[in-house]
Amino acid sequence: MKDNNVIFTNSINFFSDQTIVPDLLTENEAIKFLRLDTDTIKNPHHTLKYYRNKGQLKGTRIGNNYCYTKKELLSFIEKATEWTNRNSA
């Protein structure tokens, strides 16, 4: 459904613990959403900062904290997938 340039979808995403992913995620939720909380990544907070500094991921600063829209995280995943597939051939 589209109304006044806003697109509404019925897409609901869930974390692995079956909680609903909100539209605006805290840094810890973004880490969980992007699966940066694995054993192979030593400091996921620095990883997010790296992606922000490179301009690959846009965060929203609210107070002293960064938040991320679900739309931005999904876009980041899509771009990373395209880059990975383009460079692996």
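Modeller: Happy to! Let us start with a definition: helices (H or I, at least four residues) and strands (E, at least two) are DSSP runs, numbered from the N terminus. This is a predicted model, so local features need a pLDDT of at least 70 and side-chain atom pairs count only at pLDDT 80 or more, while totals for chains, interfaces and linings use all residues. Residues are numbered from 1 along each chain as its sequence is written, and side-chain values use heavy atoms, with hydrogens and water left out.

Colleague: In what pattern do helices and strands follow one another along the protein chain?

Modeller: The secondary structure comes to three helices and five strands. Read along the sequence, they follow the pattern β-β-β-α-α-β-β-α.

Colleague: Where in the protein chain is confidence highest?

Modeller: Confidence here is pLDDT, the predictor's score for each residue from 0 to 100. The chain averages 83, and 84% of the residues score at least 70. Where pLDDT is low, the predicted coordinates should not be read in detail. Strand 1 (residues 2–3) has the lowest mean, 42, while the highest, 95, belongs to helix 2.

Colleague: What percentage of the residues in the protein chain is buried?

Modeller: A residue is called buried under 20% relative accessible area, exposed over 50% and partly exposed in between (1.4 Å probe, protein chains only). Of the 89 residues in the protein chain, the buried share is 22%.

Colleague: How many salt bridges does a search of the whole structure find?

Modeller: A salt bridge is a side-chain nitrogen of Lys or Arg within 4 Å of a carboxyl oxygen of Asp or Glu. In general, side chains of opposite charge can pair when their charged atoms come close. Searching the whole structure gives a count of two.

Colleague: How many residues apart in sequence are the parts that Asp-23 and Lys-70 tie together?

Modeller: The side chains of Asp-23 and Lys-70 meet in a salt bridge, with 3.6 Å from N to O. Asp-23 is exposed because its relative accessible area is 58%, whereas Lys-70 is buried because its value is 10%. Asp-23 lies in the loop between strand 2 and strand 3 and Lys-70 in helix 3, so the distance along the sequence is 47 residues.

Colleague: Is Arg-52 buried or exposed?

Modeller: Arg-52 is found in helix 2 (residues 44–53). Arg-52 forms a salt bridge with Glu-27, and their closest N and O atoms are 3.4 Å apart. This pair links distant parts of the chain, as Glu-27 is in helix 1 and Arg-52 is in helix 2, 25 residues apart. Because its relative accessible area is 16%, Arg-52 is buried.

Colleague: Which residues does Glu-27 touch, not counting those up to four places away in sequence?

Modeller: Glu-27 has a relative accessible area of 18%, so this residue counts as buried. Beyond four places in sequence, Glu-27 touches His-45, Leu-48, Arg-52, Tyr-66 and Tyr-68.

Colleague: How far apart in space are Phe-14 and Phe-33, C-alpha to C-alpha?

Modeller: Phe-14 lies in the loop between strand 2 (6–7) and strand 3 (24–26). Phe-14 counts as partly exposed because its relative accessibility is 46%. Phe-14 and Phe-33 are 19 residues apart in sequence, and their C-alpha distance is 8.9 Å.

How values were computed
Contact = heavy atoms within 4.5 Å.
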